[in-house]
Amino acid sequence: MARPEDCYRCGGPTCGYVYDPDRGDKRGKIPQGTPFSDLPDDWKCPVCGAGKKSFCCSAESNPSG
Ligand SMILES: [Zn+2]
């Protein structure tokens with residue numbers, strides 16, 4: 001798992017998917033080691049289909065508030 005500041009959490013209320021650059025996204029054909037900022041603009045959450053704009057930095061999101 002990459003550092004929290006390198007991971008991005010999907011903003012979908014029931015999704016919970018986190019993009020981890022160490023893992024990439026097989027479904028989206030994103031190779032391992034790709035930073036979130038380097039994902040194509042048309043990349044979508046592999047779970048719920050939300051766009052990049054729906055994602056927030058994992059380090060900044062607070063599950064309890
Ligand atoms: Zn999602």
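Student: What makes up the largest nonpolar core?

Tutor: Cys7, Tyr8, Cys10, Tyr19, Cys45 and Phe55, 6 residues in all, make up the largest nonpolar core. The term stands for a set of buried Ala, Val, Leu, Ile, Met, Phe, Trp, Tyr and Cys residues joined through C-beta atoms within 7 Å. A residue is buried if 20 or more other C-beta atoms lie within 10 Å of its own, exposed if 12 or fewer, and partly exposed in between, with C-beta atoms placed from the backbone. The model is predicted, so local features need pLDDT of at least 70 and side-chain atom pairs count only at pLDDT 80 or more, while totals for chains, interfaces and linings use all residues. Residue numbers start from 1 along each chain as its sequence is written.

Student: Which residues does Phe55 contact, leaving aside neighbours within four places in sequence?

Tutor: Phe55 is in contact with Tyr8, Arg9, Cys10, Gly11 and Tyr19. Contact has a cut-off: the C-beta atoms of the two residues, placed from the backbone, lie within 7 Å.

Student: How much of the protein chain is buried?

Tutor: Buried residues come to 12% of the 65 residues.

Student: Why does the radius of gyration of the protein chain agree with a compact globule?

Tutor: The radius is taken over C-alpha atoms, and the globule rule is 2.2 Å times the number of residues to the power 0.38. For 65 residues the rule gives a value near 11 Å, and the protein chain has 11 Å, so the two agree. Along its principal axes, the C-alpha trace spans about 35 × 25 × 15 Å.

Student: How many helices and strands are there in the protein chain?

Tutor: The protein chain has 0 helices and 3 strands, and the pattern along the sequence is β-β-β. Both kinds of element are DSSP runs, numbered from the N terminus: a helix is H or I with at least four residues, a strand is E with at least two.

Student: What is the order of the strands in the sheet?

Tutor: The order is β2-β1-β3, in an open sheet with antiparallel pairing. The edge strands are β2 and β3, since each pairs on one side only. In general, strands of a sheet pair through backbone hydrogen bonds, either parallel or antiparallel.

Student: Why is Val18 called partly exposed?

Tutor: Val18 has 17 other C-beta atoms within 10 Å, so Val18 is partly exposed. Val18 lies in strand β2. Leaving aside neighbours within four places in sequence, Val18 is in contact with Cys7, Tyr8, Arg9 and Ser58.

Student: Is Asp22 buried or exposed?

Tutor: Asp22 has 12 other C-beta atoms within 10 Å and is therefore exposed. Asp22 lies in the loop between β2 and β3. Not counting residues up to four places away in sequence, Asp22 touches Met1, Ala2 and Gln32. The C-alpha atoms of Asp22 and Met1 are separated by 6.3 Å, with the two residues 21 apart along the chain.

Student: Why does Lys29 count as exposed?

Tutor: Lys29 has 9 C-beta neighbours inside 10 Å, so Lys29 counts as exposed. Lys29 is in the loop between β2 and β3. Its phi is positive, about 60°, although Lys29 is not a glycine.

Student: What makes Pro40 exposed, and what makes Gly51 partly exposed?

Tutor: Pro40 has 11 C-beta neighbours inside 10 Å and therefore counts as exposed. Gly51 has 13 C-beta neighbours inside 10 Å, so Gly51 counts as partly exposed. Pro40 lies in the loop between β2 and β3, and Gly51 is found in the loop between β2 (18-19) and β3 (55-57).

Student: What share of the contacts in the protein chain between residues at least 6 apart in sequence joins residues at least 24 apart?

Tutor: The share is 51%.

Definitions and conventions
Pairing = 2+ DSSP bridges.
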